[in-house]
Amino acid sequence: MNGSRARHFLNPLSLGYLLVVAAVLGWVGVDTLFVEHADASLAGVWAFLVTAPASLLFVMLPGALAWAGIVVGAVVNAAVLGAAYRSVTGRLRPTA
C-alpha cells in the first residue's frame, strides 16, 4: 500500500472501526461454531450491519459473494472514515 492510500487507513478512526468489525466477526464466528440455538441465530446479520451501507449492496448476490460484501464494506467504510478524519484534523491544525 503506498503512502497516499495508507493515510486513509492508518489513523485512529479507521483502525478503531476495523477493530470493531473484527470483534463483531469474531463474535459471529464463536456464535456460529460453539453456541447451540433452539432456533436460527441472527448473529450473522450484525456483520452486515457494522459494514453497511456498502455491504448491503452484496446481500442479494448468491453464495459466498454475499459474504464478500462484508470485506468490501469494511474497507470502503474505513477509507471513507479515514478521509473524513484527515479532512477534519487537517482543518484543526494551525497554519504557520
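Among contacts (heavy atoms within 4.5 Å) between residues at least 6 apart in sequence, 49% join residues at least 24 apart. This is a predicted model, where local features need pLDDT of at least 70, side-chain atom pairs count only at pLDDT 80 or more, and totals for chains, interfaces and linings use all residues. Residues are numbered from 1 along each chain as its sequence is written, and side-chain values use heavy atoms, with hydrogens and water left out.

**Fold**
- The chain has four helices and zero strands, taken as DSSP runs numbered from the N terminus (helices: H or I, at least four residues; strands: E, at least two).
- Going along the sequence, that reads α-α-α-α.

**Surface and burial**
- Of the 96 residues, 25% are buried, meaning under 20% relative accessible area (1.4 Å probe, protein chains only).

**Core**
- F9, Y17, V21, A74 and A78 form the largest nonpolar core, a core being a set of buried Ala, Val, Leu, Ile, Met, Phe, Trp, Tyr and Cys residues joined through side-chain atoms within 4.5 Å.
- Helices α2 (12-34) and α4 (64-92) each put at least two residues into this core.
- Skipping neighbours within four places in sequence, A78 touches H8, F9, S14, Y17 and L18.

**Helix α3**
- In α3 (residues 43-50), the buried residues are A43, A47 and F48.
- Looking down the α3 axis, these residues fall within an arc of 165°, so they line one face of the helix; the arc is that of the directions from the helix axis to the C-beta atoms.

Note on methods. Buried < 20%, exposed > 50% of the residue type's maximum accessible area, 1.4 Å probe, protein only.
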